[in-house]
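Please work through the following exercises with the coordinates open, and try each task before reading its solution.

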Amino acid sequence: MERYKSNIFKDKTFIQLIKFAIVGCINTGLSLAIFYILYNWIDINEYISNLIAYIAGLINSFFWNKLWVFQKNGGNIIREAIYFFLIFVLCYGIQFVCFRTLVEYCKINANWAQIPAMIVYTISNYILNKFITFKTKQ
């Protein structure tokens, strides 16, 4: 058992997942703060607030994921940025459908609906970026 414990912390995928989770927590905090400020204090529509919050998270996330999580110091930054953006659009679309379904059909308050929608976004975003945007050559 001790051998297993010491090896899991050396596994590259495990380390990436932990780092991705940390970046995700930072992005979640940033996105939620922006969403709550725009929606609750400035009284901007919940869908516009949601979009602006995710765009801020997108920019923050790209640089943290490229340089720290997946450690892609080289590579074609334009290609990676385009893939990252396209994956963002796809994952945001999935998140938006989840968010809107929870708000409009399940009648969940937009403040609370944001949380499960973010979880859906995060899982799909990690998988796609790991295997497409920041994939390593084998």
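Two exercises with worked solutions follow.

The model is predicted, so local features need pLDDT of at least 70 and side-chain atom pairs count only at pLDDT 80 or more, while totals for chains, interfaces and linings use all residues. Residues are numbered from 1 along each chain as its sequence is written, and side-chain values use heavy atoms, with hydrogens and water left out.

**Exercise 1.** Describe the span, the start and the packing of helix 4.

**Solution.** Begin with the span: helix 4 (residues 77-105; helices are DSSP runs of H or I with at least four residues, numbered from the N terminus) has 29 residues and reaches 40 Å from its first C-alpha to its last, close to the expected 42 Å, where the expected span is 1.5 Å times one less than the number of residues. Next, at the start of helix 4, a side-chain oxygen of Asn-76 comes to within 3.0 Å of the backbone nitrogen of Ile-78. Finally, the buried residues (under 20% relative accessible area, 1.4 Å probe, protein chains only) include Phe-84 and Ile-87, and the buried residues of helix 4 pack against helix 2 (12-41), helix 3 and helix 5, contact meaning heavy atoms within 4.5 Å.

**Exercise 2.** Determine whether Asn-129 is buried or exposed, and list its neighbours.

**Solution.** Then, leaving aside residues up to four places away in sequence, Asn-129 touches Phe-84, Ile-87, Phe-134 and Lys-135, of which Phe-84 and Ile-87 are among the buried residues of helix 4.

Technical notes: Helices (H or I, at least four residues) and strands (E, at least two) are DSSP runs, numbered from the N terminus. Buried means under 20% relative accessible area, exposed over 50%, partly exposed in between (1.4 Å probe, protein chains only). A polar contact is a pair of N or O atoms within 3.5 Å; within protein, one must be able to donate a hydrogen and the other to accept it, and residues adjacent in sequence count only if both atoms are side-chain atoms.
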